[in-house]
Amino acid sequence: MSEPTKPAGVRRREFLKVLGAGTAAATAAACTYAGPEETGKLIPYLVSPDQTVPGVSTYYATLCRECSAGCGVIAETRDGRAIKLEGNPEHPLNRGALCARGQAGLQGLYNPDRFRTPMIKSGSAWRAATWDEAINLLAQNLGETRGRGVLGTGVFLNQHESGSFPAFLDSWLASYGMRPHLSVDFEADHGAIDAHRRAYGASWPRWNLADAKLVISFGADFLDGWGASVPHQLDFAEARAKIKDAPRFIYIGPRRSLTGLNADQWIASKPGGELAIANFLLGRGDANAASQASGVSPATLQRLAQEFASAKPALVLAGGGGDNGVELVSAAAALNAVKPAAGDAITSLDGIARTSDVIATVERMRTGQVAIAFVRGTNPAYALPKSARFADAFAKVPFKVSFSMFPDETTELCDLVLPDLHTLESWGDAESTRGTITLQQPAMDPVFTGTRSTADVLIAVAKKDSAVASRFADADYRAWLFKRLPGGGSAQTMTAALAKGILPGSSAARAAAPAAPAAITPAASTTGDFFLVTYLSPSLGDGRGANKPWLQELPDPVTKVLWSSWAEIHPETATRLGIERGDILEVKTSAGSIRVPALVYLGVRPDTIAVPLGQGHASPAQSTWFDGKDKAVQWGYGRYARAVGANALDLLPARSNAGGGVIGTTRCSISKTGEQTTVVSTEGSARQHGRGIAQAISVNEIDAHGEQVEHEVKPPGDAPHKFLPGLRSPVAADAQGELGSPTAADQGVLQGLYDPKNPAKMTKRRWAMTVDLARCTGCSACVTACYSENNIPTVGAPWQNGVVYATHSPGFNITRGREMNWLRLERYYEGAEDGRFTEDFEARFIPMLCQHCGNAPCEPVCPVYATYHAPDGLNVQVYNRCVGTRYCSNNCPYKVRYFNWFGYGEPDRVQYAFPDPLHWQLNPDVTVRTKGVMEKCSFCVQRIREAEHRAALEHREVEADEFTTACAAACPSRAITFGDAADANWSVTKLIEDERAYHVFEELNTYTAVVYLKKVNHPAGAVTAAEGATR
Amino acid sequence: MATTASQYPLNGQRPNIPSAAVRLPAVADYEQVDREIIGTLRPTLGWFTLLGIAVLCLLIGITAWMYQIYSGLGVAGYHPPVMWGVYIITFVFWIGIGHAGTLISAILYLFRAGFRTSIYRCAEAMTVFAVMTAGLFPILHLGRPWKFFWLIPYPNWRLIWPQFKSPLVWDVFAILTYLTVSSTFLYIGLIPDIAVLRDRETNPVRKAIYATLSLGWRNSDREWRHFTRAYLFLAAFSTPLVLSVHSVVSFDFAMALVPGWHTTVFPPYFVAGAIFSGLGMVFTIIIPIRKFFRLQHYVTLNDLDAAAKMCLFTSMVVGLAYLTEFQVAWMSGNKFEQEYFWNRVFGQWAWAAWIMLLCNMVLPLSLFSQRLRRNPSWLFILSLFINLGMWFERFVIVVPSLSHEYEPWQWGSYAPTFVDYSILLGSFGWFFMWFLLFIKQLPVMAISELKEVVPPKRKHPHPDEFEHSRDEGIAHPFITGEHELPGGAH
Amino acid sequence: MPGIIGAFVEIDSAVEAIEDLRRNRFNDLTVYTPTPRHEFEHALEPPPSRVRIFTLIGGLCGATFGYWIAIWTSRYWPLVVGNKPIASWVPYTIFGFEVMVLIGSLATVFALLALSRVPRLTMTVGYDPRFSGGHFGVWVATSPDRAKEAAELLRKHGAVEVRHEA
């Protein structure tokens, strides 16, 4: 594509116009798209924009549209650039938390593959166009189509949104005589939504986990992307945090997902067999029949039934992705004793078009009944099973318009691209929970001036057409929207509302979705000796996350595989078939076949193969490899997604109710291709080898004795010692503690070491962190938060290897253990040591980051003081001083130091991790590390200093829990707490006192500042302390 | 020499080799020493070929390094948690090599071990060049090699100094000291010999150069008096220095808490290993030299025999250290240590560990046989195995320990890339380039010291010397190794 | 000062010549020998070498400096690493030792050069290349009037060549 006016993107000073847009008016004024300012250099302020202090962040409350849930986010902007997304604490849905996908929205905004101008397909080639040209072309086509009298057959496929836009869109379509648009969400669990509507009168009730004593999930992965995962996680973690009367959790399904790994018990039923178990619990049918259908032993079912009967009340959830999904979810609803709170259902999932409607539309296209088609924010060419044959049906449509931001598979089939604005650049609203409107305001001016909000484009198009112009009098969508918001968008209401990001009331009602035509259900593939389970990748979703390097680099919470696809197979089956990790398998169904590396996984039934969705973006147009420099449009969903992994949807029959995660009775066969590959994974050993890194304790044990017994296996001769929390612990006995005090026993020179000017007045600090493993679900939101806050480069892209032997295999650097995750989430298995199948194994998640040891082994070995101990107990890394001996990393028992093997931060290199404009996401408070230096978690020292400076400016001390680190802020299960262990007012100090507290590798005397609280297991029935105390 | 041999027939009985008082029976007088040693300085075609090969290897290494500096350490085979690899291994390897020289020249000098005389010059030169080679590796293993001088305490306006508690700074001091002292030692010993070259040289240019290098040395009694004294003190200094340097190198590992590194046996273990590897390299070098330079009657089988005994001894010390490590791991009850050592011998790194054990523990035991001790060909082959084994010893110390540390989640593997190998090759090129240049410009044996052990001319032949030679039958081929003298030599 | 040089092939004749010369109060003698021989030491009875002093002083200065640089720099800008004392003398012993060896050796070399008057630019009168080879030379610095006598003595003991040098 031709580059827009030199150099692409928005100039800094143009951003400054929006700054200070705390009030709607100011923002509105700024949101008229002035052309790019023709200047190449940065100029200091002559007249500084209102309310703007350079280097001080401005925060905008807005909306996340990475999935349909519609969480509220706070966008932190600095000098006009959004640099960080965090949850909006005011928002009823996510209450300040934000998942990895939400945070990665930033990389959608700054994605280097975004369309920079409208594009027109002439012949088979694409050319950049001006907006006038593009809009005229569309208007003219609409005219012609109307002329032919077939405009009514037009179809608009829009990404599912709640809020006013759907209504606006329908009214626009209606004004042209077109039927209402299809609100498409390929991730939605349609079966569950239908059943919920019947059972609870809401498409997605707010589950009442707080009151449950037992949680049973029939394949409902409510922690990894089923419905709205963030609120689920918040509630689940809260429930589990009530250690003693926390609900026990049983997961029933063929594959142990992230949710399954968080369960206390896994019952591995056959795909589709869940219904039988549910019915058995309902008293319909006996255990043997259920056992027949589900492949679960009658004994287990009996025990389940007893427990279900005894433990009251029980919350029962079910996923509706399977063939009998609707029945299953209905059965679960019947079983569910904990009624969801009626008032506050999650409304953002209302009005999603059924897949049957989508497929019906596709069939209409195939038969040439569709004269014009619009696609926005959804990618059916990829996300519909290949057997739906969307591509050739779509080709039959005479004129196809895409409003996509990215060059994806569907857009490539269109004739006209009118690139949309990102959520963070445009106006909008959503109704995530009943009675609350979440406002979506621009956090910044568009990154590319060649992009426009679809709504505004539609208005512009309408204005070209005398017939409909009258119905769109408003200048732009913002004006249209404000009129319809409660309070009529008056300045004062909006000012107040935009500050919070939410507004009480209800969005403009949209026309009801069309009634579902009869479902088309092609026969599911029944050949092959394995069940096929395809599931939504928690990080990539239905694939829309695949073009964001943060999400590609985020290890799958369960398998810890990244930058690739894989097929999960149970060790037992693997040994039977002589398959090893990394063998490339061909998975075949009647619908199609894919080639993916085998991954041996304990948590899948021996008769089941599980394959994740989200990868395998491809483009017929371009097969040439991207070398990190190529400037052409990166078709196939951009440079980061193309040719990574395989698309499991190719295996699926087009199904009437195919939600993204399909746990159907589809059968498949596998065969070894004989090829081998290294599975791209961050996992070293999945076992703790009794080293007590992630420790757990049985809830009974806590009941048994108030003071819990020590389980740590110490080397013989190592004297057992009582855990000393807080300041009393060695954790605080660091430089600041002893050497800092004016009365130090140490030689005189050290008195008031770190503050020679006033030794006496030194405030004693010890920054510390607790991680509650009873809360942590392993969702990995903290990892992405850390990448985003600390400018951590992603290193897995295929072109980021050495120059000479670049292998072009995605994740090559990571196969060499070179990932840079300052905070990594380790997942250890307990039990099931022998390769044989058992439902009885446990997974422990533990976030591992720099422990900021009091006796840091890394410090004394550095020859140049590049790492040393700060007065407030931080273990500091000085990048500019580092010469790269890497001795510190060798000497770190926790292995949390990461080395810059290449110039990831140097724009002139192929390894560059932030191609323009991705570098705009960089946090100005954190330096980008150069080649050849060591880096590691800094406890977000930039946030610490910011807080201290703010306090100093306001002539006060830093208040307790005044701020927190990025990982703690993001954590949707509130497992991470950060604070000053030297000050009793901070909540971290109280948590450190918890009886479950322990240090990792305490026997090494490192005196870590990170204190973990043991995971709490809820074994079935009465279990002796000994059994429960697995370690 | 045939003549001297026939002069003193062996009276049937086997001579007492080690205490042969006349060390060089086949050397008649001072002039012969001058003639034969200086004779070796004539460049030959073979020499030029070898030099060419060495320089080629060096160029390959330099290219690889430039590539690595440009694109970053990522091009080498590092695989976290294995943050140190071939470069550190090779660094320790060369430092080890660099120990035999000073050991032989200094310690054996103090102990008045006779067999040192003929081999110490080679060994010393080897030391200097080996240390020059080793010194490069800490620099080229850095992430930012252009900042290596930050490890040196130089006055700077920011008043930032190195962190003197870091073993790496200890290294800097130890190695620079060692390089300075050993090269000084070499040069001081060379001065009288350069004077000899000066006086024999006819080519005016070379003569001028030698004259300058010899600092106008004129063999006066006063010069000799101070010379012998100074030499003694240098030896006295070098002896503890040798021991300290490799101890310090071993601290790089012993001071870390890495399982397999953090052990007190390392300093003696490393010193023994260093001497062992050094002797190995001495054999690798001296045996071809004595053959191609026809100096078998200077480096006699006695000398090789004695050196071989030392080699055997150090090999057994090293072997003991290996076993001690296992025993300590076993008795410590420390599961990290135990699992690591299990992984070392039976786990993913078994192949390397067994190469090490075979080459350093098993093969050298052959030296218990006197026949093999006195068989130069076998010594040469064995020495190659020793060099290999000692490189792998360092591999086994560095890589398996790092790849199998405390945190199971971060257990990894390691595989060098062509960059590592090229730089390793380059280091050999660099070393042998210097050594080859040395042996054709300067005497490979200490002329003036050889003269010390050659009986001077006398009006009245010295009774003791005569008696000795008679009794010991020192001219027997068994001692001189005359049987391997190429026909027509001298 | 002018003198006479006598070249000998046999070491014992050279020694005898020296003893005889000293008996005849020729005390300013210099012996050239290809390799240090104790015979000459005994014959000349020279004072012990003063190299040791330099070595001692150099060593002491080195040790002091080694400790000082480490301790001073640590305290000049005190930063805590691994909760260890700012100036920890135990590891700093390494610097004490290494620098002692370094300065000590350099001082020794300096002493060697200074005391034996090298480097020198010109060959002294009376030196002959043979003296680095097989011959032993005895240089008698004497006034012309006694030159004859000295030459006699040298010849008597079998000097293969006797030369007057001025």
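In this predicted model, helix H4(B) passes helix H15(B) in a right-handed crossing. H4 of chain B covers residues 86-110 and H15 of chain B covers residues 418-441; the two pack at an angle of about 20°, with their axes 10 Å apart. Angles under 35 degrees count as roughly parallel, and H4(B) and H15(B) are therefore roughly parallel to each other. From H4(B), the contact is made by Val86(B), Tyr87(B), Thr90(B), Phe93(B) and Trp94(B). H15(B) contributes Val419(B), Asp420(B), Ile423(B), Leu424(B), Ser427(B), Phe428(B) and Phe431(B).

Several of these contact residues also belong to an aromatic cluster. Ring pairs link Phe93(B) and Trp94(B) with Phe129(B), Phe428(B), Trp430(B), Phe431(B), Phe432(B), Trp434(B), Phe435(B) and Phe438(B).

The secondary structure of chain B consists of 18 helices and zero strands. Chain B has 490 residues, of which 64% count as buried. Among contacts in chain B with a separation of 6 or more, 81% are between residues 24 or more positions apart.

Aromatic pairs occur elsewhere too, and the structure holds 103 of them over all chains. In one of them, the rings of Trp217(B) and Trp224(B) have their centres 5.3 Å apart and their planes at 85°, so the pair is edge-to-face. The cut-off for that class is an angle over 60 degrees. Both tryptophans are buried: Trp217(B) has a relative accessibility of 1%, and Trp224(B) one of 4%. Phe227(B) and Tyr231(B) form a stacked pair, 5.7 Å centre to centre with 20° between the planes. These two residues lie in helix H8 of chain B, residues 221-254, where they are four residues apart, about one turn of the helix. Phe227(B) is buried, with a relative accessible area of 9%, and Tyr231(B) is buried as well, at 2%.

Helix H8 of chain B also holds Thr239(B). What does Thr239(B) contact, leaving aside its neighbours within four places in sequence? The partners are Ala106(B), Ile107(B) and Leu110(B). Thr239(B) has a relative accessibility of 15% and counts as buried, because the cut-off for buried is under 20%.

Is Tyr406(B) buried or exposed? At 6% relative accessibility, Tyr406(B) counts as buried. Leaving aside neighbours within four places in sequence, Tyr406(B) is in contact with Arg691(A), Pro893(A), Phe1001(A) and Leu1004(A) from chain A, and with Leu257(B), Pro259(B) and Phe336(B) from chain B. Ile285(B) is 121 residues from Tyr406(B) in sequence, and their C-alpha atoms are 42 Å apart in space.

Two packed helices are described by the angle between their axes and the distance between the axes. Helix H5 (residues 131-148) and helix H18 (residues 454-464) of chain A have axes that come within 9 Å and cross at roughly 60°. H5(A) and H18(A) are therefore oblique to each other, and the crossing is right-handed. On the H5(A) side, the contact is made by Trp131(A), Ile135(A), Asn136(A), Leu138(A), Ala139(A) and Leu142(A). On the H18(A) side, it involves Val457(A), Ala460(A), Val461(A) and Lys464(A).

The other pair in chain A is helix H10 (residues 274-281) with helix H12 (residues 298-310), whose axes come within 10 Å and cross at roughly 50°. H10(A) and H12(A) are therefore also oblique, and H10(A) passes H12(A) in a right-handed crossing. Ile277(A), Phe280(A) and Leu281(A) of H10(A) meet Leu301(A), Gln302(A), Leu304(A), Ala305(A) and Phe308(A) of H12(A).

Lys312(A) lies over the face of the Phe308(A) ring, at 5.4 Å from the ring centre. Chain A has another such arrangement at Trp427(A), where Arg478(A) lies over the face at 5.6 Å from the ring centre.

How values were computed: Residues numbered from 1 in each chain as written. Chains lettered and ligands numbered in written order. Predicted model: local features only at pLDDT ≥ 70, side-chain atom pairs only at ≥ 80, totals over all residues. Heavy atoms only, no water. Phe/Tyr/Trp six-rings, centres within 6.5 Å; stacked < 30°, edge-to-face > 60°. Buried < 20%, exposed > 50% of the residue type's maximum accessible area, 1.4 Å probe, protein only. Lys NZ or Arg CZ within 6 Å of the ring centre and 35° of its normal. Axes fitted to C-alpha atoms, helices over the stretch in contact; angles between N-to-C directions. Parallel < 35°, antiparallel > 145°, perpendicular 65-115°, else oblique. Left-handed = near helix turned anticlockwise from the far one by under 90°. Contact = heavy atoms within 4.5 Å.
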